[in-house]
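Please view the structure below before reading on.

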Amino acid sequence: MIPMPAKKKVPTKATAPKSVTKPAVVKKEKEEDGEQKSGKTFDLLRGFRDILSDDQGRWNLIRDTVRSMAEAYSFDRIELPILERSELFNRTIGKGTDIVEKEMYTFTDPSNRSVSLRPEATASAARAYISHGMLDRPQPVKMWYTGPMFRHDRPQAGRYRQFYQAGFESFGVNEPIVDAQLIVIGYQILRELGLDVKVQINSIGTTECRQAYLAELVAYFRQHRNKLSDEDKRRLQKNPLRILDSKEEVTRELLEGAPQILDWLDDKSKEHFMKVLEFLEEVEVPFVLNPYLVRGLDYYTHTVFEFVLADDEGAKAQVALGGGGRYDGLVELLGGRPETPGCGFALGIERISRALEAKGINPPERPQPQVFFAQLGDAARRIGLQLFEDFRQAKIPVAEAFGKNALKAQLDVANKLGVQFTLILGQKEVLDETIIIRDMESGAQEIVDVKKVVGLVKKKLRHEEGVDPIMQSPVEVA
Ligand code: AMP
């Protein structure tokens with residue numbers, strides 16, 4: 001039995017998570033968000049970026065790992081729209097939250113409706129659960145998704161205005177094992193990727209027990225009102241739980257003496273939370289109780305959690321790789337059946353990719369071609385076009401340098417690429433319907449029937465590598 005966390009278990013000042021307060025890029029926001037500078041080329045909007053092939057290997061790895069985990073745990077893929085009615089987010093994420101108050105890309109569409117680019121996808125998943133009558137399916141209904149989210153946040157290292165998440169949601173069952181299993185899934189995804197992570201966890205109970213706690217929290221902060229920033233004063237008045245998300249140094253220090261929500265949980269909430277912790281202990285998922293963790297969205301109830309790098313523990317600015325929690329009131333809030341439970345989490349793909357990069361994990365975007373095609377003249381190029389297709393169908397990637405004419409220049413490229421074989425098609429070979437296979441390591445060349453070259457190369461690759469080249473075909477991306 002795990003005892004309910006007492007104050008001694010609370011992270012110390014050094015370990016208490018603190019949000020990043022200073023942006024890495026210190027420039028005047030107005031300047032950077034300003035108009036396109038005059039000129040013929042276009043700047044990226046601030047906080048938006050192109051994800052180039054340098055990153056794609058890691059992104060593929062993350063998405064493949066997420067997908068295989070989703071399949072192993074029987075989650076069904078769902079594609080959700082990027083644009084939704086603004087009210088969906090206002091009502092669920094909550095009016096007093098930073099996301100709704102400051103960060104949503106909201107505009108009026110041509111039909112005069114207020115719409116928003118999704119800042120997260122849980123509300124959309126709950127909407128989909130209701131609108132497709134998923135209540136009538138065997139519960140829990142488990143969904144996963146991946147895609148871009150949009151928040152007009154202050155860009156800094158690892159924080160963008162368009163960022164990508166992979167999320168898992170489970171609707172219809174309120175058993176603590178569901179919370180624990182979701183945490184295990186997120187933890188194992190990150191572990192499988194090679195990251196050493198810890199789970200920060202807390203319970204914020206039900207709306208009812210939170211009321212009593214909030215009264216106490218407000219009373220505590222009222223005593224220190226003169227030390228609070230205007231923003232935190234406003235939070236205290238409008239949505240006091242949000243003061244726990246405050247990034248202000250003074251507020252964070254005050255929080256250390258503030259009442260903790262765990263002490264206000266009712267018996268049922270306590271029992272639920274303790275069971276979640278027991279399950280986590282059982283499967284040896286390392287967790288740290290964090291009484292300040294409330295997450296920046298209003299729909300959460302009971303368990304809330306975040307995944308952080310284990311070696312970030314104690315760092316001033318802990319960066320969450322993902323987070324989630326239980327949201328038992330969400331479906332009802334959207335007009336669905338009262339008391340429909342739910343729980344889920346989302347991982348931030350950019351943050352995970354950065355963590356992998358910092359560890360030197362940098363897989364190639366696609367398999368390195370082992371074969372290069374060198375051509376001399378247009379007739380050879382014509383045959384080459386068909387040959388490429390034949391190799392593709394045999395799932396053997398082939399490189400080329402169509403922009404170069406001289407054989408030497410093409411062989412230089414082949415050497416740089418480190419291919420094992422170069423196929424050389426000159427005028428004589430075109431006439432003879434043959435092709436040269438050059439072994440790049442030994443320099444040995446062999447003239448073969450062009451119609452048989454695909455099969456021969458396949459055999460040679462198998463022989464050299466001791467593996468089937470088909471296995472090296474690009475892995476399909478989630
Ligand atoms: P949240 O539900 O807001 O905690 O988001 C879940 C995860 O998405 C976070 O733990 C981050 O990894 C990632 N994330 C959230 N906001 C951003 C952002 N602005 N830029 C990059 N990643 C983000």
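How far is an oxygen atom of the ligand from an N or O atom in the side chain of R151? The separation is 2.7 Å, which falls under the definition of a polar contact (a pair of N or O atoms within 3.5 Å; within protein, one must be able to donate a hydrogen and the other to accept it, and residues adjacent in sequence count only if both atoms are side-chain atoms).

## Basis of the model

The model is predicted: local features need pLDDT of at least 70, side-chain atom pairs count only at pLDDT 80 or more, and totals for chains, interfaces and linings use all residues. Residues are numbered from 1 along each chain as its sequence is written, and side-chain values use heavy atoms, with hydrogens and water left out.

## Ligand site

The ligand has 13 residues around it, and R151, Y160, Q165, R295 and A320 come nearest; a residue is near if one of its heavy atoms lies within 4 Å. By class, this shell has 5 nonpolar, 4 polar and 4 charged residues (Ala, Val, Leu, Ile, Met, Phe, Trp, Tyr, Cys and Pro count as nonpolar, Asp, Glu, Lys and Arg as charged, and the others, Gly among them, as polar). At least two shell residues come from each of β6 (162-171), β10 (320-326) and β11 (342-348). β10 gives the most, with 3 residues. Strands here are DSSP runs of E of at least two residues, and helices are runs of H or I of at least four, numbered from the N terminus.

A polar side-chain atom of Q165 lies 3.0 Å from an oxygen atom of the ligand, and for a polar backbone atom of G348 the distance to a ligand oxygen is 3.5 Å. Taken alone, the ligand exposes 470 Å², of which the protein buries 92%; accessible areas come from the Shrake-Rupley method with a 1.4 Å probe.

## The sheet of 8 strands

The strands β6, β10 and β11 belong to an open sheet of 8 strands with mixed pairing, in the order β1-β5-β6-β11-β10-β9-β7-β8. Two strands pair if DSSP finds at least two bridges between them. β1 (76-77) and β8 (287-289) are at the edges, each with a single partner strand, so one side of each has no neighbour in the sheet. β10 and β11 are antiparallel and share 5 bridges; G325 has G344 in β11 as its bridge partner.

Two helices lie across this sheet. Helix α6 (residues 176-192) lies across β5, β6, β7 (197-203), β9 (301-309), β10 and β11, and runs at about 15° to β11. Axes are lines fitted to C-alpha atoms, for helices over the stretch in contact, and angles run from 0 to 180 degrees between N-to-C directions; contact means heavy atoms within 4.5 Å.

## The sheet of 5 strands

A second open sheet has 5 strands in the order β13-β12-β14-β15-β16, again with mixed pairing. Its edge strands, β13 (398-400) and β16 (445-449), pair on one side only. The twist averages 30° from one strand to the next. Helix α13 (residues 378-393) packs on the sheet, touching β12 (371-375), β13, β14 (421-425) and β15, with its direction at about 165° to that of β12. Helix α14 (residues 407-417) touches β12, β13, β14 and β15, and makes about 170° with β12.

β15 (residues 434-439) runs antiparallel to β16, joined by 5 bridges, and T434 has D449 as its bridge partner in β16. The hairpin of these strands has 5 residues between them, and G443 there takes a positive phi near 80°.

## Backbone features in loops

A cis peptide bond joins Q139 and P140, with omega about 5°; P140 lies in the loop between α5 and β5. S74, which is not a glycine, has a positive phi near 60° and sits in the loop between α2 (53-72) and β1. K395, also not a glycine, has a positive phi of about 60°, and its place is the loop between α13 and β13.
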